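Let us walk through this structure together, one chain at a time, and then look at where the chains meet. Keep the viewer open as you read.

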Amino acid sequence: MSKGKPPLNLIAGIVIISVICVLVMGAPVFTHYNPLEQYPEERLSTLSKAHLLGTDRFGRDIFSRTLYGGRTTLASSFLALVCSLVLGLLIGLTTGMFSGTIFDIIVMRIVDVLMAFPFMVLAMIITALFGTSLMHLLFVVAIIWWVPFARLTRSIVLQVKNETSVAAAKVLGANTRAIIFRELLPKVITPILILATFELGTLILSISALSFLGLGAQPPNPEWGSMLADGRAHFFQAPHVLLGPALFIVLTVLGLNFMGEGLRDYLDPYEIIKL
Amino acid sequence: MCKTVFRRLIGAVITLFCATLVLFIIIRLAPGDPIEIMLGRPGDLAIKNTPAYEARVAELHAQLGLDQDMLTQYGQWLKRLVSLELGTSIHTGREVSIEIAERIPATLMLSLAAILIQLVSGVVFGIISAIRAGKILDHVIRLFCVFFASVPAFVIGLVLLMFFAVTYHIYEISGDANIYRLWLPAITLGLVSAPQLIRMVRANILSELGQTYIVSAISRGLPKKQIMRHALKNAMLPIVTMMALSFTNLIAGSVVIESIFSWPGIGNYAMNSVLLHDYPVIQGYAVIMVSVVIMANLLVELLYMLIDPRLRNRSRLERGLENE
């Protein structure tokens with residue numbers, strides 16, 4: 001690990017994400033419009049000083065809706081990701097530690113089966129059968145999104161568990177739990193965190209795509225994806241209706257990707273050989 | 001070699017079997033009475049609350065085998081799947097397998113075009129970026145990658161559609177799948193999926209350049225071009241695996257893109273069926289998609305074994321270490 005000056009993209013990512021978090025959490029400070037209040041006389045008006053990002057088809061202020069909607073989008077995506085991260089980490093640690101046992105074989109088979117279900121396809125089945133809502137999408141995320149974390153954790157554990165430090169811990173009489181949490185976990189956590197920043201970006205993109213198609217959060221509650229779905233019919237007539245939520249999604253994912261790349265460069269850089 | 005191939009095949013069949021079991025359980029867990037759903041057509045709804053309706057319900061109940069136990073039901077369901085009997089669409093009343101088969105060419109055309117765009121741009125820009133690592137051109141390419149990996153596919157699609165179809169009338173808005181309407185959705189899909197490949201090609205080449213055989217080639221004084229050729233050959237191998245992954249992503253991405261460009265492929269069809277609550281169609285779509293993904297993964301694994309002699313005779317455990 002080299003700890004020098006943090007790379008530019010890490011700083012850029014952190015700045016972007018903090019700005020968005022401040023805007024979203026402090027929504028009442030930055031806008032005085034109620035995200036649900038309709039002003040029919042001002043419907044579909046373009047960007048102006050009064051309405052920074054214009055108004056939607058009911059005359060609701062898009063800037064205010066975007067800020068309040070970010071709370072739902074960001075909080076739910078983050079929560080779903082943390083759940084799958086913890087689950088994936090635990091499964092990866094245990095299967096890696098007990099690799100080759102029946103438990104490992106069964107879990108790896110489950111991983112194989114889950115990998116056969118693209119997120120989009122599973123989400124479509126679940127929402128078709130159980131009804132369209134954001135909760136159902138998050139449920140699908142919880143079922144499926146732990147897999148990449150478990151796979152990464154397991155592969156690292158398989159490499160690391162034969163190292164001398166682990167052998168030394170065993171000789172000193174550490175039990176399995178101590179080995180997992182004291183020896184293996186610290187080695188796994190950095191790559192997992194890097195993966196998590198990228199995965200959170202992918203997750204936000206996937207959920208917004210599904211919401212855009214009408215499978216996610218339902219109106220009138222503001223949520224970035226459902227705002228996109230709501231504005232879709234008016235896009236060619238008034239393109240600004242999608243600007244607000246699209247801009248915030250792009251900025252959030254961009255910030256997360258910058259952060260992920262920066263973290264990777266900062267925490268485990270690969271050598272660049274010069275010819 | 002033969003033994004490994006056989007083991008992979010068995011593994012794929014078991015995975016497929018488990019996947020259908022998962023699908024069956026999801027379908028059975030879903031709320032709603034299957035008979036009421038099946039009788040949702042106007043002709044059937046008209047006789048509701050009459051003795052004829054009751055008789056029809058009882059008839060369907062026996063016909064669908066709902067009075068048998070779950071295991072028998074699963075067995076029969078599986079048997080129908082194998083013979084590609086996916087039932088009839090509630091909305092149109094036609095065979096689901098025929099409806100889906102009609103739409104496969106459109107989806108195939110779109111995904112092949114998109115994969116081609118992704119492959120060409122991914123390899124070309126990946127190599128440029130790796131050779132120029134740390135220089136301005138590399139930074140530009142990487143910035144481009146991060147940007148296009150962060151924009152939702154539908155936003156790119158809508159903006160392109162706005163520009164080419166609404167403002168400049170170059171692109172025809174219709175529901176047909178033909179070669180003149182292919183370029184815009186293909187470019188959109190290619191643009192969205194290229195960054196991943198560019199990044200991977202770049203990382204592979206850079207890590208290959210760190211290998212000892214490259215160092216020895218440098219110390220023997222081989223020309224730069226020749227060394228690059230060696231490195232490229234080895235760095236390109238994992239791209240085969242990558243293509244399978246991106247195929248899965250394309251399936252997911254194509255639902256959105258097909259829907260925006262009203263491209264008459266299976267993704268668009270499935271999406272519309274979700275909104276129409278046409279359960280047999282969604283079920284058929286899911287079964288087909290899952291089988292396609294499993295087969296694609298199997299094919300790639302076998303292909304990979306064929307290309308890379310180092311992997312031919314290894315156990316799954318050892319391979320697991322490197323692949324991940």
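In chain B, 32% of the 324 residues are buried, meaning that 20 or more other C-beta atoms, placed from the backbone, lie within 10 Å of the residue's own. This is a predicted model, in which local features need pLDDT of at least 70 and side-chain atom pairs count only at pLDDT 80 or more, while totals for chains, interfaces and linings use all residues. Residues are numbered from 1 along each chain as its sequence is written, and chains are lettered from A and ligands numbered from 1 in the order in which they are written.

Chain B has 15 helices and 0 strands; these elements are DSSP runs numbered from the N terminus, with helices being H or I of at least four residues and strands E of at least two. Two residues count as in contact if their C-beta atoms, placed from the backbone, lie within 7 Å. Among the contacts in chain B with a separation of 6 or more, 75% join residues 24 or more positions apart.

How far can you trust chain B? Its mean pLDDT (the predictor's confidence in each residue, from 0 to 100) is 81, and 88% of its residues reach 70 or more. Confidence is highest in helix α7 (residues 136-150) of chain B, at a mean of 90, and lowest in helix α15 (residues 316-323) of chain B, at 44. Residues 315-324 of chain B have pLDDT below 50, and beyond near neighbours in sequence this stretch makes 9 contacts in the model. Where pLDDT is low, the predicted coordinates should not be read in detail. The model as a whole scores ipTM 0.83 and pTM 0.85.

Turn now to chain A, with its 11 helices and 0 strands. Its C-alpha atoms fill a box of roughly 75 × 50 × 40 Å along the principal axes, and 47% of its 275 residues are buried.

Where the chains touch, chain B supplies 49 residues and chain A 45. Helix α14 (residues 279-307) gives the most to chain B's side, with 7 residues.

Finally, look inside. Beyond its neighbours within four places in sequence, A:A123 is in contact with A:L137, A:V140, A:L210 and A:L215.

Key. Buried ≥ 20, exposed ≤ 12 C-beta atoms within 10 Å, placed from the backbone.
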